[in-house]
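Work through the exercises below with the sequence and the coordinates side by side.

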Amino acid sequence: MKKFTADYVLTSNGNSIKNGSVIIDDKGKILKVENPENLSEKPNQETYANLKAEKLSGVICPGFINTHCHLELSHLKEKIPAGEGLIAFIKQVQKNRNADESAVIDAAAKADEEMQQNGIVAVGDISNSAVSVFVKTNSKLYYHNFIEVFGFDPKNADAVFSNALAIQEQFKPMATSITPHAAYSVSKELFKLIRKEAESKNSVLSIHNQESDEENKLYRYKQGSFLDFYDQLGLDISYFKPQARNSLQSVIPILSNKQNVLMVHNTYTNMKDVYFTRRFDRKISWCFCPEANLYIENALPKVDLFTHHGFNITLGTDSLASNKSLCILKEMRILQENFPFLELENLVEWGTINGAKFLGIDREKGSIEEGKTPGLNLISGLDYLKITPETKVRKLA
Ligand SMILES: [Zn+2]
């Protein structure tokens, strides 16, 4: 048993406990959360006789949930130039992703270890192949595997979908769902197959959303750089008609209100899009990956559009192809620097309980509550509860 006391305990279930303590057993299960203001809750010395107590400077919070990563792209770290925009980035990924399998697995194992060190306990991970199965099976982290499909040509929908089913088999018994890559890479026909499967299995979906404004140009006017991109791929998109509205507004009606859907990036999502999702009564969560947005497009989402609607907001690192590290605290730091109105308590909720709720693992993870095993992090080097360049995370349990 161990007892950690810190300046604050942010529980992610609505409590911010000054000089609070958390007592855990050897497996990291929370036995007790103490608030010194509540004197009757002081620990009984006999019950906690073997307790190792540690007094820490900083804030204790639950283990982080990274809701967007691509472990299988970890070998592309520092291989793709920054700031060239999404389409150039996608081309580079396509060009470089097929490397020697052992190099891919080694890089994935290192990335998995890095996430553990940075206090991440669970990951929503995009997989286009089964190459990461070995690393994930042997990992201490919880993985939800999004088996992601591409296929903008409606003729290929059935073949692409059966291929995804075969990949999914290899990930069992881990949590999986077949998921669409993005509005610009998945045909309506393929979307419908995914929706049918998701409804029958009650599974969650994750979609790269409005990561580039080119995606909106394609959907609104059938213009922009995606047309050249399809041309280079030899893809005939004569069937595709401009929709006179942004991609998100075209995709939402294809989904049903039965699935929880994670919209990832949202860099070019506008207020109209946000209101559109509310009107359609869909179960949308929004995931921000600000480091990757800066790396690829040198832009950030309009975070303030999302914070006043009671939305479930989560955080992700994206892959090492578009990020120097896999660290949720660093994502929080970018958001804090650019949106100073954000409170640490909210950022911690985004990086913990909200991700756990989306992945359906909140009975066990995401908040500091008796009986849960959420992992514990210490955030230190804060300036009056604001994240600064000096702020660090240390995994406590
Ligand atoms: Zn991604």
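Two strands are taken to pair if DSSP finds at least two bridges between them; helices (H or I, at least four residues) and strands (E, at least two) are DSSP runs, numbered from the N terminus. This is a predicted model, in which local features need pLDDT of at least 70 and side-chain atom pairs count only at pLDDT 80 or more, while totals for chains, interfaces and linings use all residues. Residues are numbered from 1 along each chain as its sequence is written, and side-chain values use heavy atoms, with hydrogens and water left out.

**Exercise 1.** Determine the strand order of the open sheet that contains S8, and describe what packs on it.

Solution. Begin with the order, which is S8-S9-S10-S11 with parallel pairing. Next identify the edges: S8 and S11 (175-180) each pair on one side only. From one strand to the next, the twist averages 20 degrees. At the S10 (residues 142-149) to S11 step there are six bridges, and valine 149 stands opposite proline 180. Finally, helix H2 (residues 101-117) packs on this sheet, touching S8, S9 (120-127) and S10 (contact means heavy atoms within 4.5 Å). The direction of H2 makes about 145 degrees with that of S9, where axes are lines fitted to C-alpha atoms, for helices over the stretch in contact, and angles run from 0 to 180 degrees between N-to-C directions.

**Exercise 2.** Find the residues that coordinate the zinc ion, and explain why the arrangement of its donors is irregular.

Solution. Donors are N, O and S atoms within 2.8 Å of the metal (3.2 Å for Na, K and Ca); water is not among the atoms, so sites may look incomplete. By this criterion the ion is coordinated by His68 (NE2), His70 (NE2), His208 (NE2) and Asp318 (OD), at 2.0 to 2.6 Å. The angles subtended by the four donor atoms span 83 to 172 degrees, which makes the arrangement irregular. Along the sequence, the donor spacing reads H-x1-H-x137-H-x109-D. Because histidine 68 belongs to S8 (residues 64-69) and aspartate 318 to the loop between S15 and helix H11 (328-338), the pair ties together parts that are 250 residues apart in sequence.

**Exercise 3.** Decide whether serine 212 is buried or exposed, and list its contacts beyond four places in sequence.

Solution. Buried means under 20% relative accessible area, exposed over 50%, and partly exposed in between (1.4 Å probe, protein chains only). Serine 212 has a relative accessible area of 3%, so this residue is buried. Leaving aside neighbours within four places in sequence, serine 212 is in contact with Leu86, Tyr268 and Glu297.

Conventions:
Tetrahedral: all angles 85-135°; square planar, octahedral: opposite > 155°, others 65-115°.
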